[in-house]
Amino acid sequence: MNVIEVKGLKKSYGDVHAVQSLDLTIAQGEIFALLGPNGAGKTTTVEILEGFRKRDSGEVSVLGFDPQTSGHQAREWRNRIGIVLQSAADAGDLSVIETVQHFSGYYSNPRDVDEVITSVGLQEKAGALIRNLSGGQRRRLDVALGIIGSPELLFLDEPTTGFDPEARRAFWALIENLRGTGTTILLTTHYLDEAEALADRVAVINNGRIVEISTPEDLGGRATAKALVSWRDGDETKTQTTDNPTSLVSKLSTQFSGEIPELTVTRPSLEDIYLTMIGGTHE
Amino acid sequence: MNKVPSALNLGVRRGALEIKQFARQRESVVFTLLFPVILLAIFGSVFKDTIAPGVTFSQYFVAGMIASGLVNTGFQSLAITIPMERDVGGLKRLRGTPMPASSYFIGKAILIAVSMVIQIALLFAFGLIFFGVHMPTDSTKWLTFTWLVLLGSGCSTALGIAFSIVPKSGRGASAVVSPIVIILQFFSGVFFVFTQLPTWMQQIAAIFPLKWLTQGMRSVFLPDTFATQEVAKSWENGRTFIILMIWLVIGVLFSIRKFKWDRD
């Protein structure tokens with residue numbers, strides 16, 4: 001069953017075509033990452049799926065429901081999804097547990113409050129006021145509020161922006177845990193390592209269109225791309241691109257009779273592929 | 001699958017949460033609740049005269065203070081704090097939950113009603129003890145007082161929520177809202193005797209609810225003989241009721257149709 005189905009989605013702001021004929025299908029239980037530079041149409045697309053914006057044309061179905069519908073049906077639909085936005089810095093005078101407890105009351109089948117707080121690693125901060133939390137702890141609270149209603153579908157918008165590497169790893173572990181519960185997750189990010197670590201599939205979006213949808217391993221023909229072998233021969237650094245790096249290395253090994261000086265074998269990183277796709281270059 | 005909680009149930013929960021948050025902001029609690037008392041102390045000490053036989057300025061002023069307390073606590077505070085909540089993303093987050101807009105509005109109305117009750121109690125206590133303000137003894141006056149507070153509080157809440165769409169940012173909200181409220185207070189006879197204001201001012205004030213609330217409150221706190229000194233030579237409580245109801249409906253409709261959850 002598909003949780004999200006989008007066909008021919010279009011959205012313009014005046015003369016700016018933010019989204020131009022976008023198609024997307026996300027299956028149940030998938031962790032799907034939407035990658036793209038700022039202004040590519042990521043946020044517009046996600047906000048249309050979240051029911052925050054109206055589309056100009058195209059078909060959109062999220063959990064079998066058109067996000068544009070309002071009224072009581074919309075409440076029933078929101079009861080089944082969770083949204084973690086880019087930033088929310090309100091309610092500083094409430095404690096973590098008070099806030100999670102309060103939000104749990106919005107849903108028909110909320111998860112256990114203590115269990116959710118523990119799952120995001122805030123059990124020691126449960127009684128702390130929100131204003132006294134660090135940026136990373138606040139983000140964990142955002143996620144707690146996103147999952148308290150036991151959503152079938154969770155939207156995560158650039159969840160680790162501004163995190164230090166350690167906090168980011170801890171956050172990834174948290175998302176991995178959610179995978180175990182069967183929650184479908186739509187993640188937007190501009191960290192490629194994050195997409196690679198978490199996502200089952202990624203879509204690269206640029207200029208309001210999907211450039212490619214694939215697994216992180218296969219994106220842009222990365223898995224089958226030629227390898228670059230480089231080594232030092234005397235004073236000279238030599239490089240060669242090849243489909244068969246192993247045989248080249250073994251040939252060099254014989255030639256140097258042992259250790260090959262400064263040997264490296266590289267394949268294009270997800271970042272290299274991504275930058276090629278969006279027409280950018282390394283800085 | 002259980003049903004989603006009712007809008008009223010969530011509204012009451014929102015109200016409890018709003019009160020809890022408000023109570024924790026100590027400076028603003030003290031200032032908001034005691035502001036009318038402070039003003040009464042200042043004006044009551046400056047103007048010692050009586051404006052009619054048996055009517056001290058303090059007595060006249062209590063009516064104005066309760067009416068403008070309703071405007072400050074409801075309209076002004078909501079039209080300033082809601083844009084701030086919007087700025088920090090709090091409203092957008094709520095929008096993404098199954099909580100309906102009506103619950104959010106009910107929560108605000110509860111917060112405003114509760115702070116009004118406390119504010120009025122403080123003003124009464126202070127006025128009685130220090131400024132010899134007389135309380136009405138007639139039960140029909142208390143009935144008038146009750147519907148005025150309820151309707152005024154509802155009207156002020158609805159218009160505050162509706163007006164919250166005007167300020168573009170939380171930071172600028174106070175600069176937009178405060179002057180409007182202060183001018184309205186001067187025009188509506190809160191700080192001065194209404195009939196002594198220029199006619200054009202009286203006419204402008206008559207469009208807005210504060211003038212009517214203040215006049216209604218005078219009907220509660222001043223002797224009925226004073227009614228002859230009003231512009232219309234009577235308290236006009238029926239008209240006050242109708243005008244407040246009209247503004248309430250305008251505020252509610254506007255809030256439902258136009259409320260902004262997001263900055264852009």
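**Surroundings of a tyrosine**

Guide: Leaving aside residues up to four places away in sequence, Tyr60(B) touches Ile51(B), Val55(B), Val193(B) and Leu222(B). The model is a predicted one.

Visitor: Is Tyr60(B) buried or exposed?
Guide: The helix that holds Tyr60(B) is H3 of chain B, residues 57–87. A residue counts as buried if 20 or more other C-beta atoms lie within 10 Å of its own. Tyr60(B) has 26 such atoms within 10 Å, and therefore it is buried.

Visitor: How far apart in space are Tyr60(B) and Val190(B), C-alpha to C-alpha?
Guide: In sequence, 130 residues separate Tyr60(B) from Val190(B). In space, the distance from C-alpha to C-alpha is 8.9 Å.

**Chain B as a whole**

Visitor: Among contacts in chain B between residues at least 6 apart in sequence, what percentage joins residues at least 24 apart?
Guide: The secondary structure of chain B comprises 10 helices and 2 strands. Along the sequence the pattern reads α-α-β-β-α-α-α-α-α-α-α-α. Among contacts in chain B between residues at least 6 apart, the share that joins residues at least 24 apart is 83%.

Visitor: What is the radius of gyration of chain B?
Guide: The C-alpha atoms of chain B fill a box of roughly 65 × 35 × 35 Å along the principal axes, and 44% of its 264 residues count as buried. For 264 residues the globule rule gives 18 Å, and the value for chain B is close to this, so the chain is as compact as a globular protein of that length. The radius of gyration of chain B is 19 Å.

Visitor: What distance does helix H5 of chain B reach from its first C-alpha to its last?
Guide: Helix H5(B) runs over residues 101–131, which is 31 residues. At 1.5 Å a residue, the expected reach is 45 Å. Just after H5(B), Gly132(B) takes a positive phi of about 55°.

Visitor: Which helix gives the most to the side of chain A that touches chain B?
Guide: The contact takes 22 residues from chain A and 24 residues from chain B. On the side of chain A, helix H2 (72–78) and helix H3 (96–104) each supply at least two residues. By class, that side has 10 nonpolar, 6 polar and 6 charged residues. With 3 residues, the helix that gives the most is H2(A).

**Strands of chain A**

Visitor: Which residue in E11(A) is the bridge partner of Leu228(A)?
Guide: Strand E10 (residues 227–233) and strand E11 (residues 236–242) of chain A run antiparallel and are joined by 7 bridges. Their hairpin has 2 residues between the strands, and Gly234(A) takes a positive phi near 65° there. The bridge partner of Leu228(A) is Thr241(A).

Visitor: What is the phi of Leu63(A)?
Guide: Most residues other than glycine have a negative phi. Leu63(A) lies in the loop between E4 and H2 of chain A, and with 18 C-beta neighbours inside 10 Å it counts as partly exposed. Its phi is positive, near 55°.

Visitor: Where is Glu158(A) placed?
Guide: Glu158(A) is a residue other than glycine with a positive phi, near 40°. It has 19 other C-beta atoms within 10 Å and is therefore partly exposed. Its place is in the loop between strand E6 (153–157) and helix H6 (165–180) of chain A.

Notes: Residues are numbered from 1 along each chain as its sequence is written. Chains are lettered from A and ligands numbered from 1 in the order in which they are written. This is a predicted model: local features need pLDDT of at least 70, side-chain atom pairs count only at pLDDT 80 or more; totals for chains, interfaces and linings use all residues. Helices (H or I, at least four residues) and strands (E, at least two) are DSSP runs, numbered from the N terminus. The expected span of a helix is 1.5 Å times one less than its number of residues. Two residues are in contact if their C-beta atoms, placed from the backbone, lie within 7 Å. Ala, Val, Leu, Ile, Met, Phe, Trp, Tyr, Cys and Pro count as nonpolar, Asp, Glu, Lys and Arg as charged, and the others, Gly among them, as polar. The radius of gyration is taken over C-alpha atoms; the globule rule is 2.2 Å times the number of residues to the power 0.38. A residue is buried if 20 or more other C-beta atoms lie within 10 Å of its own, exposed if 12 or fewer, and partly exposed in between; C-beta atoms are placed from the backbone. Two strands pair if DSSP finds at least two bridges between them.
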